[in-house]
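Dear colleague,

I am passing on the structure below, together with notes on what turned up when I went through it. Please read the notes with the model open beside them.

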Amino acid sequence: MSSSISAEQKVTLLRKYMKDLQLDAFIIPSEDAHQSEYVANCDQRRQFISDFTGSAGFAVVTQQEALLWTDGRYFLQAEKELDSKIWKLMRMLEDKSLEDWLVDCFIAESPQTVRNIGMDGRFISVASFKRLEKTLQDKGSSNASLVLLTIGEENLVDKVWGKDKPPIPKSLVFLHSEEYAGESVKSKLARVRESMAKNHCNLLIVSALDEVAWLFNLRGSDVEYNPVFLSYAIITDTQSLLFVDASRLEKEAQQSLNEQNIQTIPYENIFQVLQEKAKGCKVWLDKNKGNMALYQVCQNAPCEKIVEKPCPISWFKALKNEREVQGAKDAHIRDAAALITYFAWLEHQVVVEKQKPTECEAADVLDSLRSKQNLFVSLSFPTISSVGSNAAIIHYRPNPKDCKRVDNQHIYLCDSGGQYRDGTTDVTRTLHFGIPSQREKECYTRVLKSHIQMDTAIFPKGTSGLALDCLTRAPLWKVGLDYRHGTGHGVGSFLNVHEGPQSISFRPSASEVALEPNMLVTDEPGYYEDGAFGIRIENVLLIKSVETPNQFGGKPYYGFEHITFVPMESRLIDLNLLTDEELTWINRYHEECWSKVSPYLKDEKAFKWLQERTRPLNK
């Protein structure tokens, strides 16, 4: 993100605006007003102020310090992007948490002085604010005052940004037809209202962008790679209000809304209308996705009560219907054809033509091949095309100015995906076009064993992603290896590539949601050796019911069906580390790759490449 002022000037100017409001610290989250993981350009405030481009983390600026917290996926990236003379990197789960730092370092510096800690209520969730507030209270920090900017105040980072700030996007909002959605808007609204009645609520605020898009069978492109549009919704017993500029609606989209008597109201009017509608109501606001500005409006209305449970749409959306499941499968087959064609081309360039395309040049070829697939709309995230030490940067994004070249000496990791009308894809493969070292083979094979461990897991109803995360890591843990990211995330249906509420992760939140049939999750263990190489293997899995000889406690048991079909890298497999069962799994998986994808290959090199890469492996 380019800027007309330097990193130091940005922080200096922010401190001036903080001083004007008598703020001693200002918290800048990554999220937008909808708590989105990926945000529109105009909402990339944390990225603008810090120059760190990762999708997760938050910044805190005081009059003396500037700190940025992020998780293990981004440690190496943050080290490269942050100006160390201005910013201090705080590694989540390794360094002090925000709460501990505020109490032990910031507040403790002046224990007799009230410290005003500011943040914009539009961009911090109810849960995050209350968690910070409670922690400070529990730690006895009576001299800490949390200050929320009011709805009418300009965000302080926006003031620094000035004329360089990108405009609010206004992409075309189009209909996601029932042919692909698999359920009508009428049916979805009925299910939502039934859930509201069960929870004794008569007004639901839908704040998450993908939940609004899912509910009304609409899509847009306000956020790059995510087919969503800036919007809110309010659902009552009798009304459905969609907060989006009507001029943005495609004709078929407007017609669909009219058929269900769904009223459109300008996006910026949400607070004004909510103030009126919430009076005396029992309001349902998801504490993790609703922001503090919405919460304050409901309190001030005043409403009768605020229910802070997860929005029911999150769960409805996660359980794919029959049409969405089939669409996901179909999309992954076409996507595999593009990837296989790409890998065949890349290997031919390196091995036969003796060419060394750059990471960016290679990614451009893949993006072009993917775009030619039927029902393609866009990428689902920027293609990660990484060589050697760059592959050790978990969410690496190649830059034409300093990217490496693909060769036959180093590991090549490619993580990519597409948005198709019938589904969203996400797949990672790690390749080598020469003779890998024994260390690379051992690490790859351990990751592959972990991948198979999850793919073949059988588990009882009620099992969470936290339990499966531990199970998946076991083959790596046995030899002292690990990775600093989750093992899997949910995947949308022509929606966000990262979708909740389910996840396979070491994070406590993964224990809060039980895995259920018809959920999609990724299976992506990895291993990263800083400065040397990175390995990740990722498939998308569908959770399904399975038959078991016994049913302890009368519980049903579940397992997985993989829907991604791209071969593993046989050059990197150490067959001696595999059990007979694991080798059988690989050979069966490769049989599936051949039978399912070969009919879709139009390129002769791709056909031969797949044929060669799916030959049976033997010890």
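His498 sits in the loop that runs between β22 (488-490) and β23 (499-504), where helices (H or I, at least four residues) and strands (E, at least two) are DSSP runs, numbered from the N terminus. Please bear in mind that this is a predicted model, in which local features need pLDDT of at least 70 and side-chain atom pairs count only at pLDDT 80 or more, while totals for chains, interfaces and linings use all residues. Residues are numbered from 1 along each chain as its sequence is written, and side-chain values use heavy atoms, with hydrogens and water left out.

His498 counts as partly exposed because its relative accessibility is 22%; buried means under 20% relative accessible area, exposed over 50%, and partly exposed in between, with a 1.4 Å probe and protein chains only. Leaving aside residues up to four places away in sequence, His498 touches Glu37, Tyr38, His489 and Gly490, a contact meaning heavy atoms within 4.5 Å. Of these, Glu37 is 461 residues away along the chain, and its C-alpha atom is separated from that of His498 by 8.3 Å. The side chains of His498 and His489 also make a polar contact (3.5 Å), a term that stands for a pair of N or O atoms within 3.5 Å, where within protein one must be able to donate a hydrogen and the other to accept it, and residues adjacent in sequence count only if both atoms are side-chain atoms.

Not counting residues up to four places away in sequence, Arg115 touches several residues, among them Asp24, Phe106, Glu109 and Asn143.

The peptide bond from Ala301 to Pro302 is cis, with omega near -5 degrees, and Pro302 belongs to the loop between α12 and β14 (305-307). A cis peptide bond also leads from Gly500 to Pro501, with omega near 10 degrees, and Pro501 is part of strand β23. As for phi, Gln35 has a positive value near 60 degrees without being a glycine; this residue is placed in the loop between β1 (25-29) and α2 (45-50), and Gln35 is buried, with a relative accessible area of 17%. Leu375, likewise not a glycine, has a positive phi of about 70 degrees and is found in the loop between α15 (359-371) and β15 (376-379), where Leu375 counts as partly exposed at 24% relative accessibility.

Helix α12 (residues 292-300) has buried residues that include Met292, Leu294, Tyr295 and Val297. The N-terminal end of α12 is capped by Asn291, which has a side-chain oxygen 3.0 Å from the backbone nitrogen of Ala293.

Cys403 is accordingly in no disulfide, and the nearest cysteine sulfur, that of Cys360, is 3.7 Å away. Cys403 is buried, with a relative accessible area of 15%, whereas Cys470 is partly exposed, with 37%.

For the chain as a whole, there are 19 helices and 28 strands, and buried residues make up 58% of the 619 residues. The radius of gyration is 25 Å, which agrees with the value near 25 Å that a compact globule of 619 residues would have; the radius is taken over C-alpha atoms, and the globule rule is 2.2 Å times the number of residues to the power 0.38. Among contacts between residues at least 6 apart in sequence, 70% join residues at least 24 apart.

Finally, UniProt, in an unreviewed entry, lists "domain: Peptidase M24" for residues 329-544, with positions given in the numbering used here, feature names shortened, and annotations that may be inferred rather than shown by experiment. In the model, that span is 31% helix and 24% strand, and its end C-alpha atoms lie 14 Å apart. The UniProt annotation "domain: Peptidase M24 C-terminal", also from an unreviewed entry, covers residues 556-617, a span that is 45% helix and 10% strand, with end C-alpha atoms 35 Å apart.

How values were computed:
A disulfide is a pair of cysteine sulfur atoms within 2.5 Å.
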